[in-house]
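Please look over the model below.

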Amino acid sequence: MKVLLGQTLVEGLKPKPKPYEVRDVRLNGLLLRVEAGGTKTYFCEFARGRRIKLGRADAIGASDARDNARRILAEVYRGEDPIENRKPKPQPLTWGSFLDEHYAGWTKANHKSHATTMKRLRVSFRKFLNLPMMKITPLEVEQWRNARYASGTKPATTNRDLQALRASLNRAVDWEMIPHNPITRVKKAKVDDCSKVRFLFDEEEDRLRTALNIREARICGDRYNANKWRRERGYMELPDLKALAFADYLKPMVLISMNTGLRRGELFDLMWSDVDLKLGIITIVGATTKSSKTRHIPTNREVHETLSAWRKQCDRDAKRVFESEAGKRFDNITTSWERLLVAAEIVNFRWHDLRHHFASQLVMAGVDLNTVRELLGHSDIKMTLRYAHLAPAHKHKAVSMLDGRRAAVLGTRIHGEGTQIIQISE
């Protein structure tokens, strides 16, 4: 049945034993279905057997139903599918969700410093966490960088942060979660890659060694006094530290680091099974290195003597070279290290600078940079080039060649002038 669907007509329609439909004579596709129970519902039928519910007649009026039906039919005329248009669209994955659901697990499985990486991303780029990944535009990044500079952050730090962000988005591209990296064209800030390397001058190294010895003597003295107190009261005495080569862990740690260039984490993870005192080789296994590559470091006399003496006073069942009092892996020696530096009157020197000190001493002794690179475990020679300025011999030799060239040129000129004078005298 076709009628002009108006509000008065719709309200006057009565239910029948079976449901029936009333179609609008003016707008082809608009219809009203009347159920046997009296419920009246507007529909828009835009193709055979395909219709969209517009709403119940007690909720929307006839004019609203007609307007809605016109919009649906207009979509059909434009070649669109009204049903697909009304399906809930999947929300684009935010960068924060990507980190939590995908990237965090991948970094944990593939990066040793995964916790540091994830903290850097979430803290440094907090404002990007709720953005879809393709909404992280170059403009957004530049505004972030300007804000970082304004807060006093150094360009080198922003470069590291930016590289971490770029790496996460590259991974999303590899996993086909986004079509391309939206910040590919964002360039790193220019920084001086050959920054000054901090190492110990001879007098500083002397003070450091002296401070270590004084610290050893103090600890031994404290133990002696403690045992005297215990002996006087009939208590069991503690082991006499004077009978041992070292009072505790710090001195051997410092000596080994100064002579091997081990990173602090590599030192903490070093196992006795990786130390060959007979061959004089320390093996740093790839599982504990930054580059994930195994390297071998020869031991010099001081390291060999230190490890030999330390092994004698360690628990024979100990697996690690250095273990905490609880028999676990060291995770922090900051307090004892900083106190040592104060005693030695050394400033602006980190534990990691012991590694720089090792490399610097090698370069200044004439060791070639590639050998230094292998000992340090650098995957790229660029990292080792920071020590190149400490090897002045080859640069002096190169520059001195100019003196030889000038002398040769000057000699040629003098000889030529002499020949010309002889010809004139004839």
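Which residue is the bridge partner of Cys44 in S5? It is Ile52.

## Basis

This is a predicted model: local features need pLDDT of at least 70, side-chain atom pairs count only at pLDDT 80 or more, and totals for chains, interfaces and linings use all residues. Residues are numbered from 1 along each chain as its sequence is written, and side-chain values use heavy atoms, with hydrogens and water left out.

## The sheet

Five strands form an open sheet with mixed pairing, in the order S1-S2-S3-S4-S5. Strands (E, at least two residues) and helices (H or I, at least four) are DSSP runs, numbered from the N terminus. Two strands pair if DSSP finds at least two bridges between them. Strand S1 (2-3) and strand S5 (50-56) are the edges. Each has a single partner strand, so one side of each lacks a neighbour in the sheet.

S1 and S2 run parallel, paired over two bridges. There, Lys2 stands opposite Arg23 in S2. Strand S4 (residues 40-47) pairs with S5 in the antiparallel sense, over six bridges.

## A helix on the sheet

Helix H2 (residues 62-77) packs on the sheet. It touches strand S2 (20-24), strand S3 (30-34), S4 and S5. Contact means heavy atoms within 4.5 Å. The direction of H2 makes about 20° with that of S4. Axes are lines fitted to C-alpha atoms, for helices over the stretch in contact, and angles run from 0 to 180 degrees between N-to-C directions.

## H6 and H7

Helix H6 (residues 138-150) and helix H7 (residues 155-174) cross at roughly 150°, and their axes come within 10 Å. The two are therefore roughly antiparallel (angles over 145 degrees). The crossing is right-handed (the near helix is turned clockwise from the far one by less than a right angle).

H6 contributes Val141, Trp144, Arg145, Arg148 and Tyr149 to the contact. H7 contributes Pro155, Thr157, Thr158, Asn159, Asp161, Leu162 and Leu165. By class, the contact has six nonpolar, three polar and three charged residues. Ala, Val, Leu, Ile, Met, Phe, Trp, Tyr, Cys and Pro count as nonpolar, Asp, Glu, Lys and Arg as charged, and the others, Gly among them, as polar.

## H8 and H12

Helix H8 (residues 202-232) packs against helix H12 (residues 334-344) at about 115°, with the axes 8 Å apart. H8 passes H12 in a right-handed crossing.

From H8 come Arg207, Leu208, Ala211, Leu212 and Arg215. They meet Ser336, Trp337, Leu340, Leu341, Ala343 and Ala344 in H12. This contact has eight nonpolar, one polar and two charged residues.

Notes:
Parallel < 35°, antiparallel > 145°, perpendicular 65-115°, else oblique.
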